[in-house]
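Subject: Structure handover

Hello,

Here is the structure I said I would pass on. My notes on what was found in it follow below the entry.

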Amino acid sequence: MYFAGNLGKSLFLENVPSSLNDILYVFGLNATEKMKRDLRHFMGFVDGDQLPDKLKGGWGLVWDGASPMRPTGLLGKYLAYNAPHKTSLYIAASVPVIVWSGAANARFVTENFLGISVDSLDQIQGKLESLSGDEYSTILRSVAEFSSKLRGGKMILNALRKED
């Protein structure tokens, strides 16, 4: 599982459930000393143009704020109303996403089979384990199709056509 972003606004990374710490690879700037010390796979900064090449297989985590239980405060509100860049980053890299169930894009992600939604980080392991082989294959196919559209500019072209 991957997390990429401004780690200074992602303080939940200081309290990642132990079940996730073994599988979580964290990329970004502004990590706290606690993150650098406690995260098993702290990868540091990777240039945005090179980052998609580092994301092979796995899942991309879209989460922010101080709490692993639920995005709270201004950052939680941000996720509730906005679709963060990291969602499209992961999908463009052909990586399915894990989003907070209260996020603005949670319904879009689940209805389009681009990943899963969870109420808290401690639900991730169970949700992933409960996916059937067919469900996982459907997600991977959908992500691959959306990835191609994103990288080819089809999503923005469709949006521009709708504005006419």
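A residue is called buried when its relative accessible area is under 20%, exposed when it is over 50%, and partly exposed in between. Phe113, at 43% relative accessibility, is therefore partly exposed. Please keep in mind that this is a predicted model.

Phe113 sits in the loop that joins α6 to β6. Its phi is positive, about 55°, although the residue is not a glycine.

Asn30 is another non-glycine residue with a positive phi, here about 65°. The loop between β2 and α2 (33–38) holds Asn30. Is Asn30 buried or exposed? Its relative accessibility is 51%, so Asn30 counts as exposed, given that the cut-off for that class is over 50%.

Ala80 belongs to helix α4, which covers residues 73–81. With 27% relative accessibility, Ala80 counts as partly exposed. Setting aside residues up to four places away in sequence, Ala80 touches Trp100, Gly102, Ala103 and Ala104. Between Ala80 and Leu51 there are 29 positions in sequence and 25 Å in space, taken from C-alpha to C-alpha.

Overall shape and surface

The protein contains 9 helices and 6 strands. Its C-alpha trace spans about 50 × 35 × 30 Å along the principal axes. How does the radius of gyration relate to that of a compact globule? For 164 residues such a globule would have a value near 15 Å, and the protein has 15 Å, so the two agree.

Of the 164 residues, 40% are buried. Among contacts with a separation of 6 or more, 55% are between residues 24 or more positions apart. The protein exposes about 8800 Å², and carbon and sulfur atoms supply 52% of that area. As for charge, there are 18 positive and 17 negative charges, and their mean positions are 3 Å apart.

In soluble globular proteins, nonpolar side chains tend to be buried together. Here the largest nonpolar core has 43 residues, and those with the most contacts inside it are Phe3, Leu13, Leu55, Leu61 and Tyr90. Elements that give two or more residues to this core include the strands β1 (2–6), β2 (25–29), β4 (60–62), β5 (97–100) and β6 (115–118).

Helix α5 and Tyr90

The buried residues of α5 are Lys86, Thr87, Leu89, Tyr90 and Ile91. They are covered by elements including β1, α3 (51–54), β4, β5 and α8. Which residues is Tyr90 in contact with, leaving aside its neighbours within four places in sequence? The list is Tyr2, Phe3, Ala4, Leu55, Gly60, Leu61, Val62, Val95 and Val97. Two of these, Phe3 and Leu61, are also named with Tyr90 among the residues that have the most contacts inside the core. After α5 comes Ser94, with a positive phi near 65°.

Regards

Terms used:
Residues numbered from 1 in each chain as written. Predicted model: local features only at pLDDT ≥ 70, side-chain atom pairs only at ≥ 80, totals over all residues. Heavy atoms only, no water. Helix = DSSP H or I, 4+ residues; strand = E, 2+ residues; numbered from the N terminus. Rg over C-alpha atoms; globule rule 2.2 N^0.38 Å. Buried < 20%, exposed > 50% of the residue type's maximum accessible area, 1.4 Å probe, protein only. Contact = heavy atoms within 4.5 Å. Areas by Shrake-Rupley, 256 points an atom, 1.4 Å probe, with all protein chains shown as cover. Lys, Arg positive; Asp, Glu negative; His and termini not counted. Charge placed at Lys NZ, Arg CZ, Asp CG, Glu CD. Core = buried A, V, L, I, M, F, W, Y, C linked by side-chain atoms within 4.5 Å.
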